[in-house]
Amino acid sequence: DDSVGVVDLMKKLVVKRISVGTRPSFLALSDNGKTLVVSNYGSHNVSVIDTDRLDVVSTIVVDANPLGVAISRDQRFAFVANYHGQSVSQIDLTTMALVRRHSVAPHPYGVVVRRQGGELLVTHADSPIVSFWARGRWTRIAIRDGATSVALGRDGMLVYLAGFPAHRLSIFRGRARQK
């Protein structure tokens, strides 16, 4: 079923199914709760849902096989990891347009935003690196194993990584050094 289900936890039932692209994979909800971005792995696009209307307001073509998605804290941009596209798409949520494709290492999977959209961390499945975007350039951070999921601690300096093939959680603290 190529849809996003909306569940009312009080009633314990699905109250609506919202049709999106093929093989919806990851979701990101804006901090204000009004915008939901859905990556559609099979149709190479994202669906933007207005959560007040519970309806798709835009479908934006990204790159091959989008997975992880994150929204900047200012709610202006969405960032999408495109697994086979070897890229991260940057979408302007005010104009609903693709504004940039960042080329990254193979198999980008998870993405998280630090600060007001100015810094990104991207995991790469089956690759012992994390890509870090800051001050207009990419830096690769070596990690022990490949990672698929990423989350930030409250201070934005502690990073949690999880995924296969090692099936373990890795934690690192600090910033990538910019030269």
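**Exercise 1. Work out how the strands β7, β8, β9 and β10 are arranged in their sheet.**

Step 1: Start with the order. Four strands make an open sheet, running β7-β8-β9-β10, with antiparallel pairing. Strands here are DSSP runs of E with at least two residues, numbered from the N terminus, and two strands pair if DSSP finds at least two bridges between them.

Step 2: Look at the edges. β7 (66-71) and β10 (97-103) each have a single partner strand, so one side of each has no neighbour in the sheet.

Step 3: Zoom in on one pair. Strand β8 (residues 77-82) and strand β9 (residues 87-92) are joined antiparallel over six bridges. For N82, the bridge partner in β9 is S87.

A quick word on the source: this is a predicted model, where local features need pLDDT of at least 70 and side-chain atom pairs count only at pLDDT 80 or more, while totals for chains, interfaces and linings use all residues. Residues are numbered from 1 along each chain as its sequence is written, and side-chain values use heavy atoms, leaving out hydrogens and water.

**Exercise 2. Describe the aromatic pairs F77 with F79 and W133 with W138.**

Step 1: Rings of Phe, Tyr and Trp (its six-membered ring) pair if their centres lie within 6.5 Å; planes under 30 degrees apart are stacked, over 60 edge-to-face, and the rest tilted.

Step 2: Count. The structure holds four aromatic pairs. One of them, F77 and F79, is tilted, at 6.3 Å centre to centre and 45 degrees between the planes.

Step 3: Check burial (buried is under 20% relative accessible area, exposed over 50%, partly exposed in between, with a 1.4 Å probe and protein chains only). F77 and F79 are both buried. W133 is buried because its relative accessibility is 10%, whereas W138, at 23%, counts as partly exposed.

**Exercise 3. Find out where T123 lies and whether it is buried or exposed.**

Step 1: T123 belongs to strand β12 (residues 119-124).

Step 2: Its relative accessibility is 0%, so T123 counts as buried.
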